[in-house]
Structure formats: structure tokens, C-alpha cells
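Please examine the sequence and the model shown below.

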Amino acid sequence: RCPSTNSGWAWDVAMLKFYSASTPVYPLRAIDSGNAGPGWGPDNATATTGEEGGGDRDGDRPWGGRRDGRDGDFWLGGTFSSDVKVTAVRFVETSSNHGARDPNGIAFEVKECDDDGGDEWKMVRSEGQCRGEVDGHEQLLRRREKGEDATKQVRWEPSGPIPNEDELTVKPSRPLAGKVHGVCYKSNLHHRNSPEMFVPDDSFYHSENCEGLWVCVTKECGEETLRRACRLVRTSVPEEQRRMWASFASPLWAKDPGPMRLIVLDDRTDQGAGDIPELRDGSRGRNQTSCPFVFTSREDFFGGIGGGRTWCEGQLTLHEMTHGSDMVIRQGNDPYFHEEVGKLWSKHREKFRYASSATRRTITILDSGQRHVHDKEDRHSFCYAAENRDEFLAECHCIAQGLHVKSKDYATCKLSSPGDLKEAMPDVYKLLAHHFLLKKC
């Protein structure tokens, strides 16, 4: 259980292990406070067999944790049969931005419920801190687990069978070297007769069609939020791409067939993704991209997340819209975009590494109350752009739009302004300028 994180709205955990004495034990099922939606659930981190947790259709992902309600804690765990006594847990965080603000504030709790599996839980014990490792990048953590060099470069490599062109929604601009994202395969997709199939529920939304890209703002957010959201859409996404959003078809696993659209939820009333009429499933994530929805919060258009202290105004929405655009471009324009961005991330990722004096802390709490704390200096940290291919694209787009000029970590890397990006990574800037509307720098 974690009361707060550095971002304030997300907690990313790559791995959670449970122990009885020194023996690993595995839960019957993984449970959590909430998550970012399909592909970001607790099973990503929590192994329910002898295998490690983690992994999804298109590459390893952590548990993308969200709070338990508007003001609740983040929590991740598992359920066990009554004969299993869990005496310790161990976790690995994947992102300093979405990591615990105070590792000492993380609690290891054991609760029990009635034999009938009801919803009433009773506290058995709370051991305070659990054993954890705080660090900045998932793949570095996994190498450190294996005793490998933490500064060794991570590379993006295509994998899986190369698709035939007739399997894909459009022809790639260059020959592919491996499989691409699932949204590129015709057989994987919902059938959509025409873009006109989607009509927003006007009893729930204020909405506007921005030349193909639907912006749907809940009534609680107000019409001014719609106006501001549409302005951001029209000044950052080209009209040609906005029209591709209209024809986007979701993968078959998605609950909604499409199109890709922007949904703005009201943070003041703690609206979650599962509140929208298209889902009605009770899911509580809010700031996320879950095909075919790009979710964001009203507060992002009125000062920014956390009053601008976490992310500046418009930054969250642009970041999440870039994830939506990423899927739209690969499906409707060029499947090679999948590899192109991956190669650029591999090429430039080390530019987002900077010297730091952060301490990596491992805490072990035994049920006897004995505590072991081990601090190790971590001489390097990474900006969020180094996290993976997808976050690299989204964060570089935010830099190119001038939304990271006040970010200390990016400034330390001399990559906080559009000019910095254009000078240090001209190929990345050129790619972004081809697909998005960038301000002159």
C-alpha cells in the first residue's frame, strides 16, 4: 500500500513477489486499487504461478496503478488460501516519475475475509514498510536483478514473424523486420462499416467532431473544457491525421470497436473510465490511453495536473493523445512507424540518462518485526522518455511542443526545449514534424 507517488496519480510496479519465510508463494489471483485499463492490470506484476509476472501482447508492461477512488491509496496484492502465511513481500518499481514519493511510507498489510469470499476484510497485521527496490527504468532493474551492468545500453529489436502485406491494414513504407502492433493486422480488428457509426451520447457528453477526431467532454467538466480541448487538438494534430482517427478500428479484445477518440473526465467528481456510457464497467483509471479511448482530466486544461506542479497545462493530454496517434498512424498510415520509432528510441535513449545522487533503498521487514535497510548510491537516472518506445515518442512530442521547458530532469540532459530536441535529435524532430503540427523553434 502506497499513499503517494512522485506523479501523484500513477504507481508503476514491474514485479511483486510474496514469501512465506524464504520460500516464494503465489496468489490465487492478483488484486489492485485500480489501473490504467486493459494491458495495465495487476497480473503484469504479480505472478500467480511459478513464472515471473509481467508482459503483454506488444512488449513488457508494468502494473499501471491508479488510486483507490479519488483520495485513496495505491495498492497491489494477491489473494491466498487460508493455509498460506505470507511473511514478506518484495517489489520493483519501474519509473521514478511514477514511483513512491517516500519508500518508507509503503505498508505491507495482511487482511482476511470470510470463507464465503465476501467483500468485508479484516486487518490481520500491518508490518509497515515492505522490501522494495526504487529505481528509474524497468529494463535496467531487470538487468540489475541478474547482476548485469546498469549502464549497459538497452536496444529495441524487432521480433516475431514478419507479416505479409495482405495481412496488414495498409502497406508499410519500408520492409518490416518483425511483427508490428496488433492494430495493424486486419484479422485482429473489429469490423466498422463507416466512421459515421459513432454518435456520442449527448446526455452524458458535450462533444465536437474536430474533422474526424471526436472530443467528448463529460457534462461535469463544462463546455469551456470542450473548447480548450478542441483548441489543443486542432493546434497539434494535422487534419489529415484527425480524419484517420475517425476510421480507426479497435482490436477484437477491446470492448469498443472505435473510433479512436479523446475523452475528458472530471477529476473534481472522481470520474473514472468505467463511468462513460460506452463501458459502464466500474474501472477507475482516468489519465490513460486504452484503445480506442484517450482519457484525460479536466484539470489538465485549467493549470495542469497538480496545479502545474506535476505536469504543466495541456501536457498530460498531449502525452496521451500521442499514444492514440501512435496507434492511428500505424494502422491507417504506415505500419513501419512501429519499427521506426523503436529504432530511434534505441539510438537516442542514452541521451536521457543523467548523473544523480539518488539512493536506491532495499527494505526487508520480517513478521518478527526485525528490519533490514540497505542503501546503495545510484549514480544514474533516466528521464521518462527513456522508459520504452511508446513513452519515448510521447515525451519527445511534449518536448517538441515546448511542454518540458520547466522539467528539471530534461533540463539536466539539455533536452527540455524544442530547440534542444532539434539540435540533439534532428531525425526525431523531423519525424514529429512530419506527423504533428509543431510550433516554430
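In which loop is the place of Glu211? In this predicted model, Glu211 is found in the loop between β10 (205–210) and β11 (213–218). Its backbone deserves attention: Glu211 is not a glycine, and yet its phi is positive, at about 55 degrees. The relative accessible area of Glu211 is 24%, so the residue is classed as partly exposed. A positive phi also occurs at Arg280, again not a glycine, with a value of about 50 degrees. Arg280 belongs to the loop between β12 and β13. With a relative accessible area of 55%, Arg280 is exposed, because the threshold for that class is over 50%.

Between Gly258 and Pro259 the bond is cis, its omega being near 5 degrees. Pro259 is part of the loop between α3 (239–247) and β12 (261–265). The bond that joins Cys291 and Pro292 is likewise cis, with omega about 5 degrees. Pro292 is situated in the loop between β13 (288–290) and β14 (293–297).

The aromatic side chains form a further theme. Across the whole structure, a search finds eight aromatic pairs. In one of them, the ring centres of Phe18 and Phe80 are 5.1 Å apart and the planes stand at 75 degrees; the pair is therefore edge-to-face, since that class requires an angle over 60 degrees. This pair links distant parts of the chain: Phe18 is in strand β1 (residues 11–20), whereas Phe80 is in the loop between β5 (76–79) and β6 (88–93), 62 residues apart. Phe18 has a relative accessible area of 7% and is therefore buried.

Another pair consists of Phe352 and Tyr410, whose ring centres are 5.9 Å apart and whose planes meet at 75 degrees, so this pair too is edge-to-face. Phe352 is in the loop between α5 (337–348) and β15 (353–355), and Tyr410 is in helix α7 (residues 408–412); the pair therefore ties together parts that are 58 residues apart in sequence. Ring pairs join Phe352 and Tyr410 with Phe392 in a cluster.

Arg298 is placed over the face of Phe302, at 4.1 Å from the ring centre. In a second case, the charged end of Arg349 lies over the ring of Phe382, 4.1 Å from the centre of that ring.

Note on methods: Residues numbered from 1 in each chain as written. Predicted model: local features only at pLDDT ≥ 70, side-chain atom pairs only at ≥ 80, totals over all residues. Heavy atoms only, no water. Phe/Tyr/Trp six-rings, centres within 6.5 Å; stacked < 30°, edge-to-face > 60°. Helix = DSSP H or I, 4+ residues; strand = E, 2+ residues; numbered from the N terminus. Buried < 20%, exposed > 50% of the residue type's maximum accessible area, 1.4 Å probe, protein only. Lys NZ or Arg CZ within 6 Å of the ring centre and 35° of its normal.
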